[in-house]
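This briefing goes with the sequence and structure shown below. It is arranged by topic.

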Amino acid sequence: MPPKSKLKQSHNETEAEQPLQAVVLADSYNSRFMPLTYEKPRCLLPVCNVPLIEYTLEFLAISGVQEVFVIATMHAEQIKAHIDSSKWSRKNDSTLQVEVIHASECLSVGDALRELDARQLISTDFILVGGDVVSNMTLDKALEEHRSRKRNDGKHTDKNAIMTMVLREGSSHHPSRARGEESIFVIDPTTSECVHFEPLETFPRTKRVDLNTEIFERHTEIECRNDLIDPLIDICSMEVPALFTENFDWQSLRSDFVRGVLTSDILGKTIYTHISNESYAARIQNSQQYDSVSNDILKRWTFPIVPETNLQETDLYEYSRGNIYKGSRVILSKSCIVEDNVQIGSGTVVGENTRIINSVIGKNCKIGNDVNIEGAYLWDNVVIGDGTNVKRSIIANDAIILDDTILSEGCIVSFNVTLGPNIKLPRYTRVGSQPQPKDDFFDDDENSDDDDQDDSARPDINLGEQGAGYIWIDKGDNDEDSDPRNMKIASLAFDLQDLNVGKDHGDGSDSASEIGDISDSDSDMGSTSEMWHPEQSQILAARKVEEFKRELEQSISRAFAEDHTVELAALEITGLRMSANGSYDDVREVVVPAILNQVDMSKPLPSIKAVMQKWASLIEKVTHGKDDQVHVLYILQMYCADHEQMQKLFIPSIRLLYEDDVVEEDAIFKWYNSDRSKQLGSPATSLREKATAMIKWLEEAEEEDSDDDDE
Amino acid sequence: MGLLEKPKQQQKQQEFQAIILAGYGSSNRLYPIIEEDNLPKALLPVANKPLISYTLDWLEKAGITDAIVLTQTMANAQQKIAAYLARGYQGGVHCNLIGVDEDFGTADAIRSIADRITTDFIVLPCDLHTELVPRDFLDHHRISNPTMSALIYEATKGEKGFPGKEDDTAQYIGIDAAESRLIHLADYDSSEDEVSLRMSMLWRFPRVKLHMNLQDAHLYIFKHWVLDVIKAKEKISSIRQDLVPLIIKCQYQRKLVEVEEMDKYAKSDDLLDTALSLSTVYDEFDETLLNQHDPFKTYFKSNIKAHAFVYRGGYCGRANTIPKYNDMNRLASKQGLSIKRIADTAEVTQKPLIGNDSVVGEYTKVAEKSSVKRSVIGAHCIIGKNVKIANSIIMDHVVIEDSVKLDGCIVCNNAKILEGSSLTKCEIAGGYIVERKTEENGQKLVGFREAI
């Protein structure tokens with residue numbers, strides 16, 4: 001059909017006239033690399049001794065991009081200075097025109113794109129990437145696919161397509177996937193349309209993915225993929241920034257934008273994917289990925305983007321067997337051992353008997369004798385003293401590690417910090433040269449870390465006699481809903497066994513849902529959901545509680561037998577409670593029945609009066625506030641209901657507790673009116689009925705606003 | 001070849017035993033044509049051959065000569081099937097007809113005859129008709145040697161009941177392409193607006209294709225030890241609803257395998273597995289080892305495997321709804337098949353009016369000026385003058401008087417359609433008499449039993 005091909009041609013021509021544009025989001029909008037990013041923007045952090053943004057720009061240049069806008073918020077001046085002095089700014093040899101845009105008030109990807117929309121810089125489809133992408137991919141195919149959807153002649157024409165996400169095939173446990181932030185893409189395998197996007201969370205853990213059945217109205221076959229690496233390379237239409245402006249609450253590109261577009265009935269836009277299984281693409285969002293991507297570069301997965309291609313003109317790396325890369329003027333002592341996967345920058349000196357493996361060493365570093373460096377990233381001008389041991393840590397420019405210092409796994413040492421001599425830095429320690437700001441830019445939530453164990457650890461870490469630096473702690477993302485542990489698991493060299501999953505997960509919130517989850521919708525075969533530690537730790541926790549209660553019982557019965565004072569008994573209970581980390585609820589569940597048991601059943605009424613006279617104040621000591629008082633009433637109700645002879649003690653004990661101000665009338669009303677008190681079985685509910693008279697009396701007493709009771 | 005005959009001494013140990021479920025499922029989807037006054041489902045005619053004969057032929061092609069036919073002792077179904085197997089069936093499969101209680105589920109029924117099964121076994125419905133060469137499926141099973149293999153088929157275009165929202169037999173079928181595992185099987189439920197997938201499944205099988213254009217043929221091959229599971233677990237009542245989902249889930253749910261103690265039953269008879277486990281040099285790459293410390297990603301290697309064999313390109317279908325039964329007839333009698341179009345004993349006045357996409361049974365009389373298109377007419381029918389029959393199934397002993405028009409109808413045994421009626425898309429129950437000049441569309445014509 002001639003008219004169509006003509007149309008295509010003219011379309012191609014207009015396409016060719018337009019320079020290909022790309023937008024680089026330089027900011028991370030989070031604090032993952034703190035304290036490093038306090039002084040240097042993430043996109044300038046060196047990865048294998050090359051600033052991260054160089055990889056991104058190189059990747060864009062390979063893909064034929066001609067115009068790049070770098071949107072920067074934090075440290076924009078540094079980024080600008082870097083670009084100005086880089087090879088990209090030399091007009092003659094660069095095919096790439098880079099412009100840095102200082103967007104001073106952006107707090108999220110959404111803000112940056114709204115800024116982009118406001119400035120009207122984009123004139124055609126563009127490539128949107130983070131400033132943290134390392135890739136050897138060419139985007140020709142993806143671009144072609146994206147464009148063909150807009151044409152009339154394509155097989156899968158879809159005028160509503162606004163974005164193509166470029167993804168890489170990996171595996172579900174691939175290290176290039178951001179741990180704790182994986183996502184599932186549901187794709188129509190014939191058209192590559194993305195029909196559902198599900199971000200996965202570790203805390204709280206995503207257990208199920210729910211697909212809307214409407215999807216099946218348009219797609220008879222879909223593929224759920226949990227094996228994709230999302231390097232955040234998107235080919236976007238011009239509508240994308242505009243959509244962000246329309247939906248001013250969208251912050252993130254994936255969980256807000258992609259989800260928003262896919263679930264919206266009104267927008268009617270579609271998003272596609274391009275899955276590559278040949279080339280490398282990954283982004284460095286957190287220190288875990290910093291580690292894995294650096295490793296991939298050393299191991300040449302990113303070829304041709306490897307150290308000896310010298311992305312920076314001043315570099316002169318040489319490649320030798322065992323993936324060892326040496327810059328010029330490197331001085332290695334005779335006895336030092338450089339094992340596999342090591343890169344050493346020019347001008348670095350390595351001392352005697354020093355061993356280096358799986359590491360990147362920057363320029364002009366001085367490494368002493370008998371040093372062990374394993375899986376570490378030393379940037380430029382770092383000084384390492386004799387006998388030091390560095391494992392899987394990052395040490396930034398100009399830091400000095402004095403003799404006999406040990407850096408355990410996962411430490412991050414910022415610029416100009418001095419450590420040592422002769423100290424041991426515990427795992428996951430972060431040291432900055434400046435004190436951590438109370439309320440830093442991305443963290444306005446002061447108490448985001450109250451359950452963070454590092455908090456208490458902060459003052460305790462010794463930086464050594466000559467140490468100069470400040471301990472920083474993870475503050476979590478500025479996202480209030482997010483669990484700080486999500487961030488922790490994605491940090492450098494984090495060993496998942498260190499995570500105290502049991503303690504928090506055993507507390508019922510998660511496990512309860514897990515139990516409720518047992519029966520599946522498609523069958524009631526008693527299928528149980530997947531399990532990991534919480535189950536066990538839950539049992540352990542339950543056992544602990546039981547043990548604690550038993551001890552408590554013993555101590556109380558001792559108190560009765562030896563007629564201790566209430567103060568002494570309370571002290572003992574407190575001691576036990578603290579040592580077993582027990583809760584007041586558990587304490588009450590033991591104390592209240594134990595006290596009732598002291599009543600001499602042959603003459604119940606006088607006896608309970610006597611018992612309560614002394615011991616009511618013990619109940620008072622473990623009861624704080626109205627909710628606890630209601631709890632006491634439940635315990636009374638349950639216990640008396642379970643023991644027949646106790647039933648007549650119920651009303652008198654409430655009255656006595658009321659008289660002693662252990663329970664207040666509000667609590668009694670609340671208990672009486674609660675659904676739970678009505679649903680505890682027949683003897684318990686009849687006990688509640690018996691209390692009706694007392695409730696009436698209390699109500700009247702309140703209405704008359706009378707003074708105290710004189711019953 | 002009879003029921004009462006003692007089973008012959010088997011020459012060699014059979015590889016598979018077959019269990020045919022005759023008279024299960026479908027519930028009222030085939031009403032009224034499988035009512036007592038007509039035929040049990042197994043005997044419904046497809047191109048004038050009973051449904052079950054197709055299943056038996058398939059088994060014979062698969063080299064399986066020993067089958068147990070399970071039927072519910074409901075009404076006279078058992079007698080009718082017994083009569084057919086004893087006298088009508090000509091093939092070489094030795095059938096053993098066993099009646100089971102009416103409210104037994106399919107798994108309950110198998111439990112009741114468990115001691116008769118000594119090998120791995122195939123469970124299949126009596127209403128399955130497929131062009132699939134049995135060997136393809138069996139070889140797939142033999143090579144992968146899973147706990148269970150299921151036949152999944154692509155609904156062919158010709159089938160009217162193309163899966164979609166309007167079809168209540170549609171299913172969501174999840175298959176892991178890399179290992180051809182069957183990992184999700186759920187019936188489509190129009191009242192639910194979400195399909196829920198477990199993350200444990202997506203961690204174990206990160207690439208799941210979820211199909212709505214595929215159908216479960218209800219043809220399964222099970223390892224013999226699955227019988228022990230059926231025997232031990234009374235709560236497994238239905239194969240499709242309980243047993244198959246259990247096996248599917250045991251592929252990725254560690255907890256379930258533990259709770260159900262599946263490992264106790266799962267005996268591996270795979271020579272290669274045994275050999276490899278004894279090997280000192282063989283080192284299987286195992287992703288579990290890489291992530292065994294990772295408590296967040298359950299990666300669980302189960303001994304239990306459910307495989308799916310997806311059959312595309314040829315006909316495969318079940319007659320479990322009226323439209324599908326219709327389709328099956330049309331396909332079984334379609335143009336080009338080398339079947340006997342008009343029985344020798346039939347008396348057809350104007351043969352050219354019988355389309356070569358139709359079949360006319362024994363002793364049937366068709367008077368002049370009557371045309372038959374894309375239809376199947378049974379035996380002993382009497383069809384008057386000027387009758388037009390299209391897209392219909394006429395069973396045996398049906399009387400159709402002059403000038404009747406039938407389109408898309410199913411007429412059951414002994415029914416009578418009186419002069420001048422015009423019926424479209426109707427099902428006429430056994431023995432029902434359609435009055436003169438009746439005009440109906442899309443009705444089920446069923447008489448009260450007293451009236452007949």
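The model is predicted.

**Domains of chain A**
- The domain assignment divides chain A into domain 1 (18-283), domain 2 (311-441 + 454-472) and domain 3 (583-703).
- Between the C-alpha centres of domain 1 and domain 2 of chain A the distance is 33 Å.
- Where these two touch, domain 1 of chain A contributes 13 residues and domain 2 of chain A contributes 19 residues.
- On the domain 1 side of this contact, helix H2 (36-39) and helix H3 (52-62) of chain A each supply at least two residues.
- H2(A) gives the most to that side, with 3 residues.
- Sorted by class, the domain 1 side has 8 nonpolar, 1 polar and 4 charged residues.

**Helix H8 of chain A**
- Helix H8 of chain A spans residues 239-246, and Val240(A), Pro241(A), Leu243(A) and Phe244(A) are buried in it.
- These buried residues line one face of H8(A), because they fall within an arc of 155 degrees when seen down the helix axis.
- In an α-helix there are 3.6 residues a turn, so residues three or four places apart point the same way.

**Chain B**
- Chain B contains 12 helices and 32 strands.
- Of the 452 residues in chain B, 48% are buried.
- Among contacts in chain B with a separation of 6 or more, 56% join residues 24 or more positions apart.

Definitions and conventions. Residues numbered from 1 in each chain as written. Chains lettered and ligands numbered in written order. Predicted model: local features only at pLDDT ≥ 70, side-chain atom pairs only at ≥ 80, totals over all residues. Buried ≥ 20, exposed ≤ 12 C-beta atoms within 10 Å, placed from the backbone. Helix = DSSP H or I, 4+ residues; strand = E, 2+ residues; numbered from the N terminus. Arc of directions from axis to C-beta. Contact = placed C-beta atoms within 7 Å. Domains from an automatic or database assignment. Nonpolar A, V, L, I, M, F, W, Y, C, P; charged D, E, K, R; others polar.
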